[in-house]
Amino acid sequence: MAKRKQTRRKSRHAVRRRKFIVRRIVLLLLLLAVIAGLTLLLIRIFSGDIGPKGEQGEPVPSMTPAPTPEPTPPPPTALPEGLGVTAQSSDALSVIGFRGEIMDNRDEVASYTRPEPIGFDSGEEYTALRGVTTYGGNNYRDTFTYGVQSVSTKTLSRVWDTTIGTLDCGEDGVWSGIGWTGMPLIVQWDDTVRPFLGVYDEFKTKEGFTEVIYPAMDGNIYFKELSTGKNTRAPLNLGVVTKGTATLDPRGYPLLYTGQGIMSTSEEGTRGAWFRVVSLIDNSVIWHFGGRDPFSPREWQAYDASAMVDAETDTLIVAGENGVLYTVKLNTAFDSINGTVSVSPGALTKYRYTANGYGNGDDDRQWGIESSPVFWKNYAFFTDNGGYLQCVDLNTMEIVYAKDVTDDGDGGLVLEEDYEDGTLYLYTANAVATQSGIANGYGKNYHRKINALTGEIVWEKAWDASNGSSTTNGGTLSTPHAGRGAIADLVIYNSSCIPTTVDGEAVVGGRLVAYDKKTGALVWSHEQAADYWSSPVVIYDTMENAYILQCDRGGILTMHDARSGEVLTTLDLGSRVDATPAVFNNMLVVGTRGTGGSGEPQKIIGIRIG
């Protein structure tokens, strides 16, 4: 009996289960039918087959669904592969009489091929060293700073200073303090190198030891601890004027490369100037070249430009104010176990140039490269004293193009990669010295953006400027700054001996300006009575806000808001500043001349940014 009841219960359960499944299937079929009907209706509505009627019985146009927006592609972060510089035609060069000549191992040659091809990477890849190791920081010359700057109180305060000397150069005058371009080098030495340096014992074991290396016009190279201003070594007395910016080896080897700025007479009686390589292990000159180079077209010999080292090929590149570009394989040897360093340079390979109008007369275009060249791949770009922008292939030592940029290009160039445009641009400006058409002592100071691959001018802005006097030059003698971060759309220039009005009074003073990179439109301008020879140094805080630190020849350091040009604070440095500062984290270092300003002697000064 119990078994029959259990069987009936199972039977009833099975029946109920079948009915439930059937109901589920029916409901599912009804739902699918409704969905299909609605889908068909929507298709007909949006296709215009049916729709609501207007007052006249005409169908009202149906709304077309908005297309799904295409995703915005991310901005490019690299230049296209295969970019190169377009060579100027030989006919175009011959019109201006431009030609280059090559000397290899003391022989003039018709052609040259470098055994180990040079190929510079981008500026940010130039060195892994912690610090500012050459003028403009790298081969693009686009930064005078290292590390992160924290700007909270927008203040500038002296932390330390050291009075330095003068050097009597006879008929070439008395030179004092730090000159143009005069940027210090600041480096935090690696732990593997620091024990071998020729520094005082207390610094050999000091972790994070950061050193300021500063050649001066009094004949010495000074060495300072960044944070305290203490001497880290005895000054190295070269006995000659250095007014340019030295270079540290980008590989971290303890080697310093420095050029002489005013001619001297050697012990052998040779009148000229020399370029030197200094060992920072024993603080001695281990190699030099120079004197009076007979390959040079110019009588004056000097090396104000900041040298560059191609680490891959161990090649030193030096531009001379004598109108010669030098290259040499150094054959460097650094023993990081025993702490020794040496160079055994091969033969010099040289490039010189000339064009219509060049000569040694007062009214001639002058040979000479005082600006620090920029480098991209196998190309060197530089402006010269005679007013030409040149691009030279370092692997053949041949001219690629030469473009007339009106006048002396002391201020030099900055190179910028533009990923959106897929090319590179140069920003440059000229001084007012020998250009034709100067009337009543005034000429044109041009600020320019140039396509680096063709040499063609993208835009230019012209300002009136005096040709200066025996103690100053008009126009631009500094390197522009191509903005990043919050001012990625701006480029900053300054000028000297500009006729303007300050506080209602007509003056011939300085102008600091910002332009829109794309169009060249003036964004803001700041005028003052004091001139500028020092390059604008731009620092960026952690939010990429930008601040300009600008020294002037009245001895004042000014902090500007880089977006608006507004003056935020000033600091009296005591005397004229021709040099360009360098910044490491929140410390700035710069040297003064000891003339003008508020009357302090020539100094090296360490300043904290607050």
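Biologist: How many salt bridges does the structure hold, and what makes a pair of residues a salt bridge?

Modeller: The structure holds 29 salt bridges. The term requires a side-chain nitrogen of Lys or Arg within 4 Å of a carboxyl oxygen of Asp or Glu. This is a predicted model, in which local features need pLDDT of at least 70, side-chain atom pairs count only at pLDDT 80 or more, and totals for chains, interfaces and linings use all residues. Residues are numbered from 1 along each chain as its sequence is written, while side-chain values use heavy atoms, with hydrogens and water left out.

Biologist: What makes Asp191 and Arg194 a salt bridge?

Modeller: The closest N and O atoms of Asp191 and Arg194 are 2.7 Å apart. That value is within the limit, so the pair qualifies.

Biologist: Are Asp191 and Arg194 buried or partly exposed, and how do you know?

Modeller: Buried means under 20% relative accessible area, exposed means over 50%, and partly exposed lies in between (1.4 Å probe, protein chains only). Asp191 has a relative accessible area of 47% and is therefore partly exposed. Arg194, at 6%, is buried.

Biologist: How do you know that Glu202 and Lys230 meet in a salt bridge, and which parts of the chain does the pair link?

Modeller: The N to O distance between the side chains of Glu202 and Lys230 is 3.9 Å, within the limit, so the pair counts as a salt bridge. This pair links distant parts of the chain, 28 residues apart: Glu202 is in helix 3 (residues 201–204), and Lys230 is in the loop between strand 10 (220–225) and strand 11 (236–237). Helices (H or I, at least four residues) and strands (E, at least two) are DSSP runs, numbered from the N terminus. Glu202 is partly exposed, with a relative accessible area of 49%, and Lys230 is partly exposed at 44%.

Biologist: Which residues form the negative surface patch, and what makes a group of residues a patch?

Modeller: The negative patch is formed by Asp121, Glu124, Glu125 and Glu312. Patch residues have over 30% relative accessible area and no salt bridge; like charges are joined within 9 Å, and nonpolar side chains (Val, Leu, Ile, Met, Phe, Trp, Tyr) within 5 Å. Lys and Arg count as positive and Asp and Glu as negative, with His and the chain ends not counted. Asp121 lies in the loop between strand 2 (107–109) and strand 3 (130–132). Its relative accessibility is 48%, so Asp121 counts as partly exposed.

Biologist: Why is Ile337 called exposed, and where is its place in the chain?

Modeller: The relative accessibility of Ile337 is 69%, so the residue counts as exposed. Ile337 lies in the loop between strand 20 (333–335) and strand 21 (340–342). Its C-alpha is 9.5 Å from that of Val193, although 144 residues separate the two in sequence.

Biologist: Which residues does Arg271 touch, and what makes a contact?

Modeller: Contact means heavy atoms within 4.5 Å. Leaving aside residues up to four places away in sequence, Arg271 touches Glu171, Asp172, Met263, Ser264, Thr265, Gly291 and Arg292. Arg271 lies in strand 15 (residues 271–279) and is partly exposed, with a relative accessible area of 31%.

Biologist: What makes the backbone at Lys377 and at Glu544 worth a remark?

Modeller: Phi of Lys377 is near 50°, a positive value in a residue other than glycine. Lys377 is in the loop between strand 23 (374–376) and strand 24 (379–383). Phi of Glu544 is near 70°, again positive in a residue other than glycine. Glu544 is in the loop between strand 37 (537–540) and strand 38 (546–551).

How values were computed: Accessible areas come from the Shrake-Rupley method with a 1.4 Å probe; for residues, only the protein chains shown count as cover. The place of a charge is taken as NZ of Lys, CZ of Arg, CG of Asp or CD of Glu.
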